[in-house]
Amino acid sequence: MTLFLVRRLFALALTLLVASMVVFAVMEVLPGDPAAMMLGVNAREDTLAALRAEMGLDGPMLVRYFQWLGGLVTGELGRSYTYDVPVAQLIRDRVVVSLPLALLAMSLSTLIAIPVGVLAAARHNRLADVTVMGAAQLGVAIPNFWFAMLLVIVFAVELGWLPAGGFAGWEAGIGEALRSLLLPAVALALPQAAILARVTRSAVLETLGEDYIRTARAKGLTRRAALWRHAVRNALIPVVTILGLQFSFLLAGTIIIEQVFYLPGLGRLIFQAIAQRDLIVVKDLVVLLAATVVVVNFLVDLAYAVLDPRLRAGQRGY
Amino acid sequence: MQRFLPGALLGALMVVGPALAARDDIIMGMVLEPPHLDPTAGAAAAIDEVVYANVFEGLTRVSEEGVVQPGLAESWTVSEDGLVYDFKLREGVRFHDDTLFDAEDVLFTFQRAMGEDSVNANKGIFEPIYSIDSPSPYAVSITLKQPTGNFLFELGLGDAVIVAPESTDSNKTQPVGTGPFTVSRWVSGDRVELARNPDYWGEAPALASATFKFISDPAAAVAAMMAGDVDAYANFPAPELMSQFEADPRFQVVIGSTEGETILAMNNAREPLNDIRVRQAISHALNRQAVIDGAMFGYGTPIGSHFAPHHPAHVDLIDRYPYDLDRTRTLLAEAGYPDGFQATLKLPPPSYARRSGEIIAAQLAEIGIELEIIPVEWAQWLEQVFRGGDYDFTIVSHTEPLDIGIYARDDYYFNYDNPEFDTVMEELVGTVDPAARNELLGRAQRIIADDAVNGFLFQLAKHGVWNADLRGLWHNSPVQANDLTGVRWEE
């Protein structure tokens with residue numbers, strides 16, 4: 001188990017290092033001068049040079065890479081070119097929107113999808129199954145931003161129950177803040193739930209056909225007990241894998257959803273930072289998002305070990 | 001809370017609504033969030049749209065009609081030769097941090113903007129200044145190198161607002177000005193909140209607070225207006241959706257003018273565009289009204305030169321090159337391109353550019369000019385097109401007020417060079433008399449129209465939409481601003 005952990009942690013660090021190199025290189029070749037972007041069409045050459053020097057854009061590339069990397073390691077993320085505030089502060093302000101949004105969407109999709117998927121498997125080929133799978137098919141096909149607009153038209157414009165967008169802020173109270181996050185979370189969760197429900201269904205169906213289920217039933221377990229104690233538990237590994245993958249998709253999904261609902265989250269920040277050539281913010285955020293994905297995958301690996309005792313011995317058989 | 005009330009009760013509330021006191025807050029929608037809030041250190045229009053006249057003030061200010069008015073300078077005199085400007089400053093004005101405003105602040109502001117490490121995006125405003133000093137604490141005297149006709153107007157721009165030495169370093173995030181509103185809160189990515197400044201030197205604004213909310217997606221902007229989450233958009237991002245508001249009695253739609261001359265810019269240094277006959281041929285092939293109808297949904301005024309139609313010096317040159325495909329073909333044949341040619345058209349992100357580009361490419365295809373459309377981001381556009389001059393055609397709106405002078409600049413991205421035009425501009429700089437200035441401006445318009453430097457398309461309209469009960473928002477935008485000083489709700 002220790003060896004397993006050490007190996008995974010090493011891989012994690014290596015992935016992040018490579019990610020940092022890639023994003024730095026991409027930002028270097030990306031056309032567009034951050035100083036020109038700030039100062040616009042009337043700026044004079046000397047003014048541009050003054051601003052470039054102020055931003056620290058005038059050193060050799062390798063020096064700037066290692067300065068930046070060193071900063072990342074010591075937790076010094078630098079200062080945003082455009083906002084002129086520490087990047088760490090910008091990220092802190094935005095994480096309190098994006099993270100709860102992602103978690104809310106994730107919980108919603110899990111809470112809907114797993115019971116629904118299990119139900120569909122248990123009622124294989126019967127009305128409940130067909131209905132659920134039909135709905136899931138639709139859910140997979142609908143783009144989340146379009147679904148988001150529908151939600152806004154119905155619940156904000158017509159019914160007026162929820163705000164059309166924006167974030168009230170946590171200081172306005174948990175209720176108000178959650179009200180602002182509800183529609184975006186539903187819009188994000190629906191397509192995820194559809195995929196997750198399909199995966200859950202097929203995983204449970206597969207385990208239901210295994211010999212140990214027949215044995216359990218032969219021992220006298222009821223259908224229901226065999227389903228929940230044996231089939232579902234063994235079906236969790238593919239489900240957890242998909243959940244881990246979905247988390248990355250959720251992070252990408254927030255970029256679009258935060259535009260539609262004008263939420264001040266990380267997705268909107270990265271979108272603006274790219275357009276404004278706020279390169280330091282883009283670089284920091286990409287590494288942060290890469291780190292999040294890598295850490296989540298690491299947690300998924302740990303979850304395998306918890307779910308499947310065979311893996312704890314370090315023999316990863318698949 | 002009202003959102004939770006059942007419909008009937010809500011209806012009853014609406015009926016008694018007018019009897020209640022008028023609102024004294026406003027939520028303004030904006031497309032882009034300002035990168036920071038210091039207008040003396042950035043070019044983004046969004047900065048001025050939040051702080052101009054609301055938070056920061058200059059010696060002069062520009063009114064809705066584009067007229068120069070007194071600001072922090074109560075009055076001024078200009079010497080006979082147009083070289084010496086004597087400003088009398090307002091007394092008793094305090095910055096938001098309670099420090100007193102006086103001539104020292106003016107000297108500091110101007111010297112900072114003119115200095116070696118200045119990051120003022122419009123440093124050219126201060127270029128004509130030879131010396132500046134203060135004979136007394138409330139008097140400032142500026143001597144110019146040469147007479148500069150537009151100097152007072154330029155001092156009224158956001159780049160020239162007066163800042164205090166105590167607060168310049170933090171103005172980007174916590175702006176300290178002298179205006180009728182203070183910035184009370186900035187939730188980055190979401191909104192900026194302003195609150196009435198109780199110690200304002202002038203007349204107190206009717207609004208006690210104002211919020212600028214940043215919503216860039218046009219569909220989201222419509223939803224926010226329809227749901228009542230936003231009261232006003234001074235510049236609504238999608239002209240195609242305006243009719244939706246026009247039909248709704250809850251809103252008023254106000255189409256005003258801007259200083260944005262939208263042009264099909266041509267690289268005058270590249271073949272075959274360096275041949276005036278080719279440029280004339282293109283001008284004859286442009287159907288402006290079709291572009292305005294198709295790309296701008298009918299909003300916009302055709303232009304025949306690089307000049308705003310609402311300016312008193314405007315000369316109507318729409319018919320200088322009327323739409324005439326036969327003439328176009330003759331000119332192209334004379335120039336040696338009877339079958340047309342291929343070129344690129346680089347389009348920046350705004351919808352006016354992308355949509356006009358599609359239509360113009362189709363119009364030019366009719367005379368055999370095949371344009372390859374290349375969409376670019378602003379940062380790319382600035383680097384490749386504007387600074388690098390690496391383009392054949394592009395479409396952009398030049399939003400600076402009275403900016404015909406760019407045609408005299410060396411190395412400007414059009415690569416246009418006509419000594420006759422340069423002479424007119426030099427003469428204009430030294431001319432203060434309004435009638436003489438207008439005459440020179442008229443000549444300038446004619447020269448660039450004759451030379452068909454660019455394809456002159458249309459003056460960008462300002463698509464305003466706001467709550468039917470709101471009064472006092474600017475209809476036109478002579479400078480990029482949302483001046484809230486006169487805004488109030490109808491009782």
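**Group meeting: a two-chain predicted model**

Hi everyone, let me start with chain B, where 47% of the 491 residues are buried, buried meaning that 20 or more other C-beta atoms, placed from the backbone, lie within 10 Å of the residue's own. Before going on: this is a predicted model, in which local features need pLDDT of at least 70, side-chain atom pairs count only at pLDDT 80 or more, and totals for chains, interfaces and linings use all residues. Residues are numbered from 1 along each chain as its sequence is written, while chains are lettered from A and ligands numbered from 1 in the order in which they are written.

So, the overall picture of chain B. It holds 13 helices and 19 strands; these are DSSP runs numbered from the N terminus, H or I with at least four residues for helices and E with at least two for strands. The C-alpha trace spans about 70 × 70 × 35 Å along its principal axes.

Now zoom in on one sheet in chain B. Four strands form an open, antiparallel sheet in the order β4-β5-β7-β6, where two strands pair if DSSP finds at least two bridges between them. β4 (73-78) and β6 (129-136) of chain B stand at the edges with a single partner strand each, so one side of each has no neighbour in the sheet. From one strand to the next, the twist averages 20 degrees. β4(B) pairs with β5 (84-89) of chain B over 5 antiparallel bridges, and in β5(B) the bridge partner of Thr77(B) is Asp86(B). Packing on this sheet is helix α3 (103-114) of chain B, which touches β5, β6 and β7 (139-144) of chain B and makes about 165 degrees with the direction of β6(B). For angles, axes are lines fitted to C-alpha atoms, for helices over the stretch in contact, and values run from 0 to 180 degrees between N-to-C directions.

What about chain A? Here we have 13 helices and 0 strands, and buried residues make up 36% of its 318 residues. The C-alpha trace of chain A spans about 85 × 55 × 35 Å along its principal axes.

One helix to look at is α11 (266-276) of chain A: 8 of its 11 residues are buried, so the rest of the structure largely encloses it. Among those buried residues are Leu266(A), Arg268(A) and Gln276(A). The cover includes α2 (34-39), α5 (87-122), α10 (223-260) and α12 (279-307) of chain A. Just after α11(A), Arg277(A) takes a positive phi of about 55 degrees.

How do α5(A) and α11(A) cross? Their axes come within 8 Å and cross at roughly 135 degrees. The two helices are therefore oblique to each other; angles under 35 degrees count as roughly parallel, over 145 as roughly antiparallel, 65 to 115 as roughly perpendicular and the rest as oblique.

Finally, the interface: 41 residues of chain B are in contact with 47 residues of chain A, contact meaning C-beta atoms, placed from the backbone, within 7 Å. On the chain B side, α11(B) gives the largest share, 8 residues. Thanks, and happy to take questions!

Methods
Buried ≥ 20, exposed ≤ 12 C-beta atoms within 10 Å, placed from the backbone. Contact = placed C-beta atoms within 7 Å.
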